Amino acid sequence: MQEKTLKNIFRENVFNDAVMRERLPKQTYNALRKTIDEGLPLDPKVADVVANAMKDWAIEKGATHFTHWFQPLTGITAEKHESFISPTPDGKVITEFSGKELIKGEPDASSFPSGGLRATFEARGYTAWDCTSPAFVRDNVLYIPTAFCSYTGEALDLKTPLLRSMEALSKEALRVLRLFGNTTSKRVITTVGPEQEYFLIDKKLYEKRKDLILTGRTLFGAKPPKGQEMEDHYFGTIRERVSTFMKELDEELWKLGISAKTEHNEVAPAQHELAPIFNTTNIATDHNQLTMDIMKKVALRNDLVCLLHEKPFAGVNGSGKHNNWSMSTDDGINLLDPGKTPHENAQFLVFLCSVIKAIDEYADLLRVSCATPGNDHRLGANEAPPAIISIFLGDQLTDILEQIGENGGATNSKQGGELKIGVTTLPTLHKDSTDRNRTSPFAFTGNKFEFRMVGSSSSIATANYILNTIVAEVLSEVADRLENATNFDEEVQKILKEIVTNHKRVIFNGNGYSEEWVKEAEKRGLPNISSTVDAIPALLKDKNVKVMEKHGVLSKVELESRYEIMLENYTKTINIEALTMLDIAKRQLLPSVIKFIKEVADSINAAKGTGLDVTVDAQSDLLNEVSSLAAEFKKRIDILENAVNNASNIEGDSFAIAKYYRDEVFVKMSELREIGDKLETLVDADIWPLPTYADMLFYV
Ligand code: ADP
Ligand code: MG
């Protein structure tokens, strides 16, 4: 693509700042900008003017409809299209779009998960315009990003708590900044660049796999002769079909202002990654949702299917989403950038240590932010970070913190004099020297943290609103103390020393995949929560409810509803997987195996029928082996079926039911798969009804 064309299409379909400046009266533009930049409430009169300009612009872009686009607790996005058409008394139509329609929508909330909130309150739901994320036109529809809540204001979505957490962090971070003498910054913004992993497989093969269609992952599939052991896929040349897909994808994303930047092959065969340039946590979340959706659609157009599941294929790496996170002021200061002067160093160390403390104290909350049944297959499976949350800082920073812990100040390059944190030197950190560890769940990478536990199909909203909130909490504690300190420098020093002493256990620079680390982490008292079901109760722990409530991000009731929804989602997911597995086993695999048995038996009879003295040992052996495996397969089908049927008899709450699904149903599923996969290696390839791993992973 020509550079000129690229420049022209970037943000072409976004109601972006340049468009607003051009189309809105100056006063309206300024009022709207104030709302976007400073979070001030929007004047309804302004909304009418904006709505009208937005409509005209959208219609020029081909839009006939608008939609309030929101992110219910299903984790995907929702939309209902309404046309701009309005009838006139003389039987004609005009196009209309009012400020009211822009600001507020009233979708029927009763079909979205509410985790009991609806029962307690009202069936009605509201969507409210989020003007901090720009509207855009896609497929002839004007999309308006919105927050979704109940009649009484309880959040029914992922965006509301994210926006609330951004406010909370901004407020507390500004308090700290003011104490360090910053008088100019107006807001602190949390930023995120999510690296998205995905698989691409041939559509024709996908269509033959009910498991992929219904559950997003393969429930059967023997290990292929070749996996990822040659390490020849990572950063390898991109095949033509994939490259066509990527080009089309980029173009679509750019038009929507999504700055897709890096694209490459990942570790597993057929696996790829896309990273955008970072944005505010709010916009990055919206963009990531759009990216996932567009990836799927562009893939289909190319006769490919994009798999976003965390573990579509057993035995090769799964997919995640590296959530690169930082905090910046509105005037462009990255608070996790170590900076060059001692003064900046002290401020940097305060922000850095606040993150460290937050991660250690709320590790359980952060863990639950990426707990999904799909992600259970990855975390701790030596391909993704372990389920234990720890922080990688690199040698240089760890050394500095150790000095702080021991002496109360880093003395490294100082020649005598006072040991004050504010005047010690922090050597310039090279980004490269810190980003060498690939096994840590939470790694400092020069001027940001990379949270690597998020699953590939999840919205990044949850991880980020939790991250924002827990860091806001520690910053507020720090601000409380510093505001009341008689000697600022000494108090800073004291706080840092305390944090390092109390929380150094969470810092780990070694190999997170090793057995030793699991033992060491246990000694250090770090939680190792290996399953979603065990992670979820953290949502209701007192300290966690307290922190979410204190910062106005989620109330106890809202947390309870999320707790219910997550457990329900776990149970439903495993239930669907088990039923799909049974369907495939009973109606596809077993019949094929029987057909094959018949073929072998026929061959024995035919050979004997010739009257010649030929051996049928090969057939007999095979017949024996396949027949006994078939018998075992049938037995395990029955066992799994019983386990699923028995679920309705489980007494207890949603937690007990989810636990049953994990300990009984899920275990029986693995047992059934084991035999199915063995059979796959024995049965005639022409008879086996499912495309194999080798077919799917190596033929795109
Ligand atoms: P890698 O992880 O391969 O070293 P980069 O460090 O360049 O790659 O960036 C990875 C992601 O982190 C990109 O999406 C990038 O935009 C994002 N990123 C860079 N700086 C920040 C920041 N200050 N805040 C949030 N994300 C950032
Ligand atoms: Mg990275």
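Some ground rules first. The model is predicted, so to speak: local features need pLDDT of at least 70, side-chain atom pairs count only at pLDDT 80 or more, and totals for chains, interfaces and linings use all residues. Residues are numbered from 1 along each chain as its sequence is written, while chains are lettered from A and ligands numbered from 1 in the order in which they are written.

Let's start with the ligand. How many residues surround ligand 1? The count is 16. Thr191, Gly193, Phe278, Asn324 and Ser326 are the closest. Being near here means that the C-beta atom, placed from the backbone, lies within 6 Å of the molecule. Strands are DSSP E runs of at least two residues, helices are H or I runs of at least four, and both are numbered from the N terminus. The most comes from β9, with four residues. By type, the shell holds six nonpolar, seven polar and three charged residues. Nonpolar covers Ala, Val, Leu, Ile, Met, Phe, Trp, Tyr, Cys and Pro; charged covers Asp, Glu, Lys and Arg; the others, Gly among them, are polar.

Next, the core. The largest nonpolar core has 192 residues. Such a core is a set of buried Ala, Val, Leu, Ile, Met, Phe, Trp, Tyr and Cys residues joined through C-beta atoms within 7 Å. Buried means 20 or more other C-beta atoms within 10 Å of the residue's own, exposed means 12 or fewer, partly exposed lies in between, and C-beta atoms are placed from the backbone. Which members touch the most others? Met54, Leu142, Ile359 and Ile536. Helix α21 (residues 556-609) gives the largest share, 15 residues. Take Ile359. Leaving out residues up to four places away in sequence, Ile359 touches Leu366, Ile389, Ile391, Phe442 and Val506. Contact means C-beta atoms, placed from the backbone, within 7 Å.

Now the helices. Helix α3 runs over residues 26-38. Its 13 residues reach 18 Å from first C-alpha to last, close to the 18 Å expected. The expected span is 1.5 Å times one less than the number of residues. Thr28, Ala31 and Leu32 are buried in α3. Down the axis of α3, the buried residues fall within an arc of 95 degrees, so they line one face. That arc is taken over directions from the helix axis to the C-beta atoms. Lys26, Gln27 and Glu38 are exposed on the other side of α3. The cover over the buried residues of α3 includes α2 (17-23) and α4 (44-60). Gly39 follows α3, with a positive phi near 70 degrees.

Helix α20 covers residues 542-550, with Asn544, Val547 and Met548 buried. The buried residues of α20 also fall within an arc of 95 degrees, so they line one face of the helix. Asp542 and Lys546 are exposed on the other side. Cover for the buried residues of α20 includes α13 (363-368), α16 (461-483) and α21. Just after α20, Gly552 has a positive phi of about 65 degrees.

Why is helix α11 described as largely enclosed by the rest of the structure? Because 15 of its 21 residues are buried. Just after α11, Asp303 takes a positive phi of about 55 degrees.

Last, Ile639 in helix α22 (residues 617-646). Ile639 is partly exposed, with 14 other C-beta atoms within 10 Å.

Notes:
Contact = placed C-beta atoms within 7 Å.
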